[in-house]
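This report describes one protein chain for a reader who is new to structural work. Please look over the sequence and the structure before reading on.

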Amino acid sequence: VMMALCGVAPFDVNPMVGPYPDTLSMWGGKNLYNLVTDREWWRIISPLGLHTGVIHLFCNLAIQLETGAFFEREWGSLR
């Protein structure tokens with residue numbers, strides 16, 4: 001939803017089909033300048049929930065599904 005509000009950057013700016021880099025910084029992405037000068041230490045953890053674009057999001061989802069399926073085959077489900 002937020003990416004739709006801020007727009008999608010051109011492919012040469014963000015090849016992951018996502019927002020502009022300054023938008024990611026505004027959303028709490030890792031920005032070393034703000035981290036050090038403004039003491040925004042929360043920027044160390046907040047990027048864990050950000051994705052640079054649609055491709056990044058789907059790749060992470062695919063890895064999580066594959067890893068979960070592997071462990072379920074190895075260890076079984078909770079049911």
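Which residues does G28 touch, not counting residues up to four places away in sequence? The sections below answer this and then turn to the rest of the chain.

## The surroundings of G28

The model discussed here is predicted. In this model, G28 touches W42, R43, S46, P47 and L50, when residues up to four places away in sequence are not counted. G28 itself lies in the loop that runs between α2 (21–26) and α3 (32–37).

G28 has a relative accessible area of 0%. Buried means under 20% relative accessible area, and G28 is therefore classed as buried. A further relation involves G49: G28 and G49 are 21 residues apart in sequence, while their C-alpha atoms are 9.4 Å apart in space.

N34 is part of helix α3. With a relative accessible area of 15%, N34 is also buried. Its contacts, leaving aside neighbours within four places in sequence, are with S25, R39, E40 and R43.

Two of these partners, E40 and R43, form a salt bridge with each other. The closest N and O atoms of this pair are 2.5 Å apart. Both E40 and R43 are buried. The count of salt bridges comes to one.

## Overall form of the chain

The chain contains four helices and zero strands. Read from the N terminus, its elements run α-α-α-α. The radius of gyration of the chain is 17 Å, well over the 12 Å that the globule rule gives for 79 residues, so the chain is more spread out than a compact globule.

Along its principal axes, the C-alpha trace spans about 50 × 30 × 20 Å. Consider next the contacts between residues at least 6 apart in sequence: 31% of them join residues at least 24 apart.

## Burial, surface and charge

Of the 79 residues in the chain, 18% are buried. G28 is one of the buried residues, and N34 is another. The chain exposes about 6400 Å², of which carbon and sulfur atoms supply 67%.

As for charge, the chain carries 5 positive and 7 negative side chains. The centres of these two sets lie 7 Å apart.

Methods. Residues numbered from 1 in each chain as written. Predicted model: local features only at pLDDT ≥ 70, side-chain atom pairs only at ≥ 80, totals over all residues. Heavy atoms only, no water. Salt bridge = Lys/Arg side-chain N within 4 Å of Asp/Glu carboxyl O. Buried < 20%, exposed > 50% of the residue type's maximum accessible area, 1.4 Å probe, protein only. Helix = DSSP H or I, 4+ residues; strand = E, 2+ residues; numbered from the N terminus. Rg over C-alpha atoms; globule rule 2.2 N^0.38 Å. Contact = heavy atoms within 4.5 Å. Areas by Shrake-Rupley, 256 points an atom, 1.4 Å probe, with all protein chains shown as cover. Lys, Arg positive; Asp, Glu negative; His and termini not counted. Charge placed at Lys NZ, Arg CZ, Asp CG, Glu CD.
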